[in-house]
Amino acid sequence: MPARPLVPPLQPCAQPSVHRRAAAGCWRLAPGRALSLEPRESGVLRIARGRVWLSGAAPAQDLVLQAGDALAVAVGQHVVLEPWGLPGESDAPVLFRWDHVAPQPHRHQARTRAARDWELGVVQPLQELVRALAGAGRAVGAAAVQVTAAAGRLGAGLAGFALGRVMATAAPGEKEVCMKSGCSA
């Protein structure tokens, strides 16, 4: 008898609305699982909680989507999403929504395709770049604080070493004078 996973890989977040199709709604994706999505109808994938690594959104391009991000997925487009938490984050499942999009009339398809290409080729990479630069800025700030603290400790250590050397080379009678008046030799 095959072992059943403790956490099912995909669960609905809540009961889907009776006005929507069964696949629409909010879903949970357990850590360590992946979901292959090839919709029969166009839709929008919206990340409600967590982060996912998404493959297949564009040719030779992987994306990382996090809470608040959305991606339009066209009919027949194959994408694979997998929870992707940062080290130290909890192993909470990713929550995402799949909302069907009404088909666009054929005359607007070229504009929609251009908009989708713009979204995938420019907007999403720009958002990723901004997030990466913000992370780099935070890392540089943290490093600057650590460098400043280390420089302070180095200065205090050098001053202590220099004072020790002065005290070691001073004559016995001068030590008392140096300690009282703060001499520099």
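Basis. I am working from a predicted model, in which local features need pLDDT of at least 70 and side-chain atom pairs count only at pLDDT 80 or more, while totals for chains, interfaces and linings use all residues. Residues are numbered from 1 along each chain as its sequence is written, and side-chain values use heavy atoms, with hydrogens and water left out.

Confidence. I noted an average pLDDT of 77 for the chain, with 71% of the residues scoring at least 70; pLDDT is the predictor's confidence in each residue, from 0 to 100. Over residues 1-9 the pLDDT stays under 50, and the model has eight contacts for them beyond four places in sequence (contact means heavy atoms within 4.5 Å). Residues 15-22 are also below 50, with seven contacts beyond near neighbours in sequence. Where pLDDT is low, predicted coordinates should not be read in detail.

Layout. I find two helices and nine strands, taken as DSSP runs numbered from the N terminus (helices H or I, at least four residues; strands E, at least two). From the N terminus the order is β-β-β-β-β-β-β-β-β-α-α. Of contacts between residues at least 6 apart in sequence, 67% join residues at least 24 apart.

Core. Buried residues (under 20% relative accessible area; exposed is over 50%, partly exposed in between; 1.4 Å probe, protein chains only) make up 22% of the 185 residues. The largest nonpolar core has 18 residues; such a core is a set of buried Ala, Val, Leu, Ile, Met, Phe, Trp, Tyr and Cys residues joined through side-chain atoms within 4.5 Å. L45, I47, L54, L65, L71, L81 and F96 touch the most other members. β9 (94-100) is among the strands that each supply at least two residues, and β9 gives the most, with three. Beyond four places in sequence, L81 is in contact with residues including L29, L45, W53, L54 and F96.

Aromatic pair. I get one pair, counting rings of Phe, Tyr and Trp (its six-membered ring) with centres within 6.5 Å; planes under 30 degrees apart are stacked, over 60 edge-to-face, the rest tilted. W53 and W84 are edge-to-face, at 5.3 Å centre to centre and 70 degrees between the planes. W53 is in β5 and W84 in the loop between β8 and β9, 31 residues apart. W53 counts as partly exposed because its relative accessibility is 33%; W84 is also partly exposed, at 33%.
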